[in-house]
Amino acid sequence: MKINIPKNAFPVIGILIILILMELFAPQPIDWTRSFNEDDKRPFGCFLLRELIEEEFFPEQEFEISREAIFNYPILDSLAPNKNYIFVTDDFSPQKWEIKRLLNLVKNGNQIVIATSNLGKVFSDTIHVQFNSDLEFTDLAVKNARSQNFENPNLKDKNNSKYSKAFDNTSINKFHKDSLIVLGRDNQKRIQLVKIPYGKGNFFISSQPLAFTNYNVVQNKNADYIAGVFSYLPANPIVWDEYYKPLRALRSTSPIVFLLSSPPLKMAYYLLLTCLILVLIFQGKRKQKMIPILKPIPNTTLQFIRTMGRLYYNRKNHKDIALKKIKYLKEFCKSRYHIDLSIDTLNEVSKRSGISLKTLEILFKLINKISNSNNISKEELEDLNSKVDYIYKSGK
């Protein structure tokens, strides 16, 4: 398809191309959105954590992604194979009926790891663990990077796991001492990781979800801290939660909203719209083959009549022409008024045609004269023609 672009559109297209190139090659700002999604490669996604779990921590175990609420988890009996459930999000606030399902899972021997900045009041009251996210004066005095480490000497790192930027001001400050085991603290001795035995299984609660994101996996030796956390889990199949994520509503509401939430997809979307608008502008005109102008078919009958009339006229046979006109006049009266034209029917013809009887008598007198003559002049023929035309035009 050949695209015809007007010359006056070239400057607009040139400016548009320059703007697109500037946008493509301009340095892109880092997207610090906290998604915690398993396929998100942004700093606060969990793409690298998933790779660690599948390839390093549990390479021989099944990795399952759950996109449903806990309430929709299948009900398993105590004999079902146990699993490790992983929840990494900034806000984990299940409802009462979901908490009941969680407790049953742990009671039957499953392990549940929850890394979050907010547990939700109902769940906090249920497991007797409270988070504190208040900023204290001592936090302002800490100039160096925050860090955390394990209580277990076998897992403890001499240099601690350091977090220069991505570290929430959240810690576990209220709990029942007899109901949990402290596994990790930060450099200010605040509790960051605990284990809560329940039935045959355990809850592992961390108040630092950012410690499990892509940014911290590649920072310093923070991946060793993640490996230490997952070392508490038995070699069971993994269930990775994708339902309790901050961007879940955004992903499930509208495809357009999801496209606009990602800068590359947003750029591609606007580029597509621009191209469509250009196509509509330059290709919107209707295109089809030229329609040829067809000449009307000539009326050969009229040509034949004119030719014959001209032939008779040139031969000066005026009487013959006059007799034919008289004959056509009688045919006209018979077809129009259903009556034969004669001296006896003039009165009836006058009534049906609306032409005065005097006019018809003059015409009929001229007809008799022409019929009884051997030859007639040109003037007599023209006189007859004018009277006959008057009958045609004036009759009803």
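Modeller: Here is a walk through the labels, one group at a time. This is a predicted model, where local features need pLDDT of at least 70, side-chain atom pairs count only at pLDDT 80 or more, and totals for chains, interfaces and linings use all residues. Residues are numbered from 1 along each chain as its sequence is written, and side-chain values use heavy atoms, with hydrogens and water left out.

Colleague: Where do Arg50 and Glu38 sit in the chain?

Modeller: Arg50 belongs to helix H2 (residues 47-57), while Glu38 is in the loop between helix H1 (10-25) and H2; they are 12 residues apart, and the pair links distant parts of the chain. Helices here are DSSP runs of H or I with at least four residues, strands are runs of E with at least two, and both are numbered from the N terminus. The two residues also belong to a salt-bridge network that links Glu38, Arg50, Glu54 and Arg67.

Colleague: Why is Glu38 called buried?

Modeller: Buried means under 20% relative accessible area, exposed means over 50%, and partly exposed is in between (1.4 Å probe, protein chains only). Glu38 has 5%, so it counts as buried. Arg50 has 22%, so the label there is partly exposed.

Colleague: What about Lys121 and Asp125, how far apart are their closest N and O atoms?

Modeller: Those atoms are 2.9 Å apart, and the pair forms a salt bridge. Lys121 and Asp125 are 4 residues apart in helix H4 (residues 121-127), so about one helical turn separates them. Lys121 is exposed because its relative accessibility is 66%, and Asp125 is partly exposed because its value is 37%.

Colleague: Why are Asp383 and Lys387 called partly exposed?

Modeller: Asp383 gets that label because its relative accessibility is 31%, and Lys387 gets it because its value is 24%. Their side chains also meet in a salt bridge at 2.4 Å, N to O. Both lie in helix H15 (residues 378-394), 4 residues apart, about one turn of the helix.

Colleague: On to the rings: how many aromatic pairs does the structure hold?

Modeller: There are 19 aromatic pairs. Rings of Phe, Tyr and Trp (its six-membered ring) pair if their centres lie within 6.5 Å; planes under 30 degrees apart count as stacked, over 60 as edge-to-face and the rest as tilted. For Phe212 and Phe230 the centres are 6.4 Å apart and the planes are at 75 degrees, so this pair is edge-to-face. Phe212 is in the loop between strand S10 (201-206) and helix H6 (214-217), and Phe230 is in helix H7 (residues 222-230), 18 residues apart.

Colleague: Why is the Phe332 and Tyr337 pair edge-to-face?

Modeller: The planes of Phe332 and Tyr337 are at 90 degrees and the centres are 6.1 Å apart, so the pair is edge-to-face. Both Phe332 and Tyr337 are buried as well.

Colleague: How do you know that Arg101 lies over the face of Phe71?

Modeller: A charge sits over a ring if NZ of Lys or CZ of Arg is within 6 Å of the ring centre and within 35 degrees of the ring normal. Arg101 is at 5.5 Å from the centre of the Phe71 ring and lies over its face. Arg34 lies over the face of Phe44 too, at 5.9 Å from the ring centre.

Colleague: What makes S10 largely enclosed?

Modeller: 6 of the 6 residues of S10 are buried, so the rest of the structure largely encloses this strand. Gly201, Phe203 and Ile205 point one way, and Asn202, Phe204 and Ser206 the other way.

Colleague: Which sense does the pairing of S9 and S10 have?

Modeller: Antiparallel, over 6 bridges; two strands pair if DSSP finds at least two bridges between them. Strand S3 (residues 111-115) pairs with S10 in the parallel sense, over 5 bridges.

Methods:
Salt bridge = Lys/Arg side-chain N within 4 Å of Asp/Glu carboxyl O.
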